[in-house]
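Here is a short briefing for a first look at this structure. Keep the view open while you read.

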Amino acid sequence: MSTGSAAQVAVHVRAPGKLNLVLRVGPAGQDGDHQLATVFQAVSLHEDVLATPAEEISVSTVGRCAHLVADDESNLAHRAAMLLAEASGTRAGVHLQITKRVPVDGGMAGGSADAAAALLACDLLWQTGLAREELGHLAAELGADVPFALTGGTAVGLGRGDVLTPALARGSYHWVLGISDQGLSTPEVFAEWDRLNPDPPGAPHIDDAVMAALISGDPHRLAEVLGNDLAAAAGNLAPPVEQMEQVLADSPALATLVAGSGPTVAALAPDHPTAVEIAETLRAADVADEVEVVAGPIPGARLLESVREDEA
Ligand code: C5P
């Protein structure tokens with residue numbers, strides 16, 4: 001193991017997808033973004049980013065539905081690397097190889113996880129010396145869900161969802177995810193919410209009962225407070241949402257939840273064996289393109305491995 005200051009030649013970072021245990025939507029501001037009050041939980045379906053030195057900045061994607069992802073400058077991970085290069089004044093390039101597991105346009109912030117992982121990987125590769133807090137500011141510039149992908153765990157998000165406060169939460173929760181390959185565009189889901197709510201409510205907030213349920217660590221209590229204001233809009237735009245919810249209603253799931261802007265549906269299980277049983281039921285019903293069993297909370301973007309020049 002080397003302790004020298006040799007340059008990094010490869011940095012491998014992992015960042016989690018998320019569920020919104022509660023998602024309350026308020027009116028849109030002048031920029032078109034809606035006020036949100038949400039509780040994020042990072043779950044064990046993650047994105048891996050392998051960063052290696054290169055002349056320019058480039059991205060390639062493999063894994064789940066990788067063919068749906070543009071590997072050009074519009075890719076959020078590409079934009080993250082560009083933003084960090086600009087902020088730190090580096091002239092270095094990077095190649096980012098993304099391995100996707102979080103569904104594309106599935107409401108679980110997979111693109112935001114890529115961006116958070118890219119920020120951390122490039123920061124380590126380029127040795128920019130920026131504080132984690134500064135990475136957080138850059139993350140917020142990239143998108144509302146990127147700061148949470150950096151921090152992970154369980155957190156309350158206000159503003160556009162990007163003003164984070166860590167939540168006191170006990171225990172580990174077991175979820176079954178019903179994944180549909182027909183993704184949903186987040187702006188279209190918010191537009192449908194606008195159509196369904198011509199008279200938007202006031203500023204959204206998180207009930208005390210939600211925070212009490214999180215502290216209890218009891219999935220039965222958490223099941224009672226789960227809720228997503230975007231669920232109806234997502235259901236209108238993606239028929240598999242209702243089909244999955246119907247199947248799960250006849251399973252031992254404690255509650256079901258639409259993930260973010262959908263169409264992924266999450267079922268909360270009382271324990272891991274029951275989660276496996278619920279997953280079998282959902283697979284057998286043939287209403288989801290894929291079914292995963294995951295747990296949360298887990299940490300945010302983190303270094304898995306880094307290789308230095310004198311080790312390569
Ligand atoms: O921040 P992000 O890039 O994920 O947002 C994608 C789009 O979703 C925004 O451009 C906006 O149309 C919608 N959105 C919103 N209110 C939010 C977050 C996102 O209307 N709080």
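S7 and strand S10 (residues 265-269) form an antiparallel pair over 5 bridges. Strands count as paired if DSSP finds at least two bridges between them. Helices (H or I, at least four residues) and strands (E, at least two) are DSSP runs, numbered from the N terminus. This is a predicted model, in which local features need pLDDT of at least 70 and side-chain atom pairs count only at pLDDT 80 or more, while totals for chains, interfaces and linings use all residues. Residues are numbered from 1 along each chain as its sequence is written, and side-chain values use heavy atoms, with hydrogens and water left out.

**The sheet around S7**

- Val176 has Ala267 as its bridge partner in S10.
- S7 also runs antiparallel to S11, and 7 bridges join these two strands.
- The open sheet has 4 strands in the order S9-S10-S7-S11, with antiparallel pairing.
- Strand S9 (255-258) and strand S11 (290-296) are the edge strands, as each pairs on one side only.
- From one strand to the next, the twist averages 25°. Axes are lines fitted to C-alpha atoms, for helices over the stretch in contact, and angles run from 0 to 180 degrees between N-to-C directions.
- S7 is mostly covered, with 7 of its 7 residues buried. Buried means under 20% relative accessible area, exposed means over 50%, and partly exposed lies in between (1.4 Å probe, protein chains only).
- Both faces of S7 are covered. Tyr173, Trp175, Leu177 and Ile179 are buried on one side, and His174, Val176 and Gly178 on the other.

**Helices on the sheet**

- Helix H9 (residues 239-249) lies across S7, S9 and S10. H9 runs at about 15° to S10.
- Helix H10 (residues 272-285) packs on the sheet and touches S7, S10 and S11. Contact means heavy atoms within 4.5 Å. The direction of H10 makes about 10° with that of S7.

**A closer look at His174**

- His174 is found in strand S7.
- His174 counts as buried because its relative accessibility is 19%.
- In S11, Ala295 stands opposite His174.
- The C-alpha atoms of His174 and Val294 are separated by 6.0 Å, although the two residues are 120 residues apart along the chain.
- Leaving aside residues up to four places away in sequence, His174 touches several residues, among them Leu268, Asp271, His272 and Ala275.

**Helix H6**

- Val210, Ala213 and Leu214 are buried in helix H6 (residues 208-216).
- These three cover an arc of only 100° around the axis, so they sit on the same side of H6. The arc is that of the directions from the helix axis to the C-beta atoms.
- The buried residues of H6 pack against strand S1 (8-28), strand S2 (34-54), strand S5 (154-158), strand S7 (173-179) and helix H7 (219-225).

**The ligand site**

- Residues surrounding the ligand include Gly32, Leu36, Gly143, Ala144, Thr186, Pro187 and Phe190. A residue is near a molecule or strand if one of its heavy atoms lies within 4 Å of it.
- Asp33 has a polar side-chain atom 3.4 Å from a nitrogen atom of the ligand.
- His34 has a polar side-chain atom 2.7 Å from an oxygen atom of the ligand.
- Arg160 contributes a polar backbone atom, which lies 3.4 Å from a nitrogen atom of the ligand.

**Backbone exceptions**

- Most residues other than glycine have a negative phi, and most peptide bonds are trans.
- Ala109 has a positive phi of about 65° although it is not a glycine. Ala109 lies in the loop between strand S4 (93-100) and helix H2 (110-126). Ala109 is buried, with a relative accessible area of 14%.
- Gln127, also a residue other than glycine, has a positive phi near 50°. Gln127 lies in the loop between H2 and helix H3 (132-142). Gln127 is partly exposed, with a relative accessible area of 45%.
- The peptide bond from Gly262 to Pro263 is cis, with omega near 5°. Pro263 lies in the loop between S9 and S10.
- The peptide bond from Gly296 to Pro297 is cis, with omega near 0°. Pro297 lies in the loop between S11 and strand S12 (302-308).

Technical notes
A polar contact is a pair of N or O atoms within 3.5 Å; within protein, one must be able to donate a hydrogen and the other to accept it, and residues adjacent in sequence count only if both atoms are side-chain atoms.
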